[in-house]
Amino acid sequence: MVFSRARASSGLPCAQADLDHVEHIVTASGTSFARGMKVLPTARRQAMFAIYAFCREVDDIADGDAGVADPSQALQEWHERIDRLYKGETRDALDRVLVATIFRFDLRAADFHAIIDGMAMDCGEPIVAPDEKTLDLYCDRVASAVGRLSVRAFGDSSPAADLVSKHLGRALQLTNILRDIAEDAERSRLYLPSELLERFNVPKDPKEALYAHGLDGVAHILARRAHDHFRDARRAMKDCNHTAMRPARMMAASYEPVLNALEKRGWKNPEVAPKISKGWRAVRALAAYVK
């Protein structure tokens, strides 16, 4: 793929009211995502807002925050909605901006469907001690699939860019899992793999696992895996368009200090917040931007 800054500098062919609506979904979520995407040309930034808004809506359904009676049915309706979008059928502002994004940046329907399937895994019975294969599938769906959409909006649709998505998505998701063990336990969830829990004699009950002696060993192994994924993502970036990978480099540079802080704190008391320097994270992200 040839990276075209000129083509991406003009905005998506959408009504301003539709673009404003999508941006409001992003900003209303309280995320810092909008600020991070300011490095992108207009059309690519608008596309990322549309992708994020889609992810926000299906995530709210899975978490029970969307006010729907049947989350599983609501997610199935999103599968059908994605199929309609690829036929050019739209019903609201988000639909219209998503269609413009899909066709401008050649996004794949399979990646949208994978994200929805990942959210469906969080519906119904909470995930508790999945096996390694299921955990990896979950990470691919809720994180790496988002990456596969994102790298195309960034401007690189090469196999190397998909490899960045594979590894960076898993690195970020494993970091989230390691950061949120205590919070997830309050929701009766435990994303740590059953094989490691058994190896370190950690109970599979989410709240009992918090106080198990072996939890620290389990978490440190997963942390090393996350570091390996960060490393492999950086390696794959070398074969990608350098400018297009700028947001991915910034995300990795900002997130890896979180993993480092978690390792330094350890998991003997996972309720204790790790000490993370926001200033250092910002410096690393800036360095990745100018690199």
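Is Ala-53 buried or exposed? In this predicted model, Ala-53 is buried, with a relative accessible area of 0%; the cut-off for buried is under 20%.

Ala-53 lies in helix H4. Setting aside neighbours within four places in sequence, Ala-53 is in contact with Val-22, Ile-25, Val-26 and Leu-94. Gly-36 is 17 residues from Ala-53 in sequence, and the C-alpha atoms of the two are 15 Å apart in space.

The largest nonpolar core of the model has 95 residues. Phe-54, Trp-78, Leu-168 and Leu-192 have the most contacts inside this core. Helix H4 (residues 42-63) supplies the largest share of the core, 13 residues. Phe-54 is in contact with Trp-78, Ile-82, Leu-98, Phe-112, Ile-115 and Ile-116, again leaving aside neighbours within four places in sequence. In soluble globular proteins, nonpolar side chains tend to be buried together.

| Helix pair | Angle | Axes apart |
|---|---|---|
| H2 (residues 16-28) and H6 (residues 93-105) | about 100° | 9 Å |
| H13 (residues 215-237) and H14 (residues 246-265) | about 160° | 11 Å |

H2 and H6 pack at an angle of about 100°, which makes H2 roughly perpendicular to H6. On the H2 side the contact is made by Asp-18, Leu-19, His-21 and Val-22, and on the H6 side by Ala-93, Leu-94, Arg-96 and Val-97. By class, these residues of the contact of H2 with H6 are five nonpolar, one polar and two charged. Val-22 of H2 and Leu-94 of H6 take part in this contact, and both are also among the residues in contact with Ala-53.

H13 and H14 pack at an angle of about 160°, and are therefore roughly antiparallel to each other. The crossing of H13 past H14 is left-handed. H13 contributes His-220, Ala-223, Arg-224, Ala-226, His-227, Phe-230, Arg-234 and Met-237 to the contact, while H14 contributes Ala-248, Arg-249, Ala-252, Tyr-255, Glu-256, Leu-259, Asn-260 and Glu-263. Eight nonpolar, three polar and five charged residues make up the contact of H13 with H14.

Which residues does His-227 touch, not counting residues up to four places away in sequence? His-227, found in helix H13, touches Glu-256, Leu-259, Asn-260 and Glu-263.

Technical notes: Residues numbered from 1 in each chain as written. Predicted model: local features only at pLDDT ≥ 70, side-chain atom pairs only at ≥ 80, totals over all residues. Heavy atoms only, no water. Axes fitted to C-alpha atoms, helices over the stretch in contact; angles between N-to-C directions. Helix = DSSP H or I, 4+ residues; strand = E, 2+ residues; numbered from the N terminus. Parallel < 35°, antiparallel > 145°, perpendicular 65-115°, else oblique. Left-handed = near helix turned anticlockwise from the far one by under 90°. Contact = heavy atoms within 4.5 Å. Nonpolar A, V, L, I, M, F, W, Y, C, P; charged D, E, K, R; others polar. Core = buried A, V, L, I, M, F, W, Y, C linked by side-chain atoms within 4.5 Å. Buried < 20%, exposed > 50% of the residue type's maximum accessible area, 1.4 Å probe, protein only.
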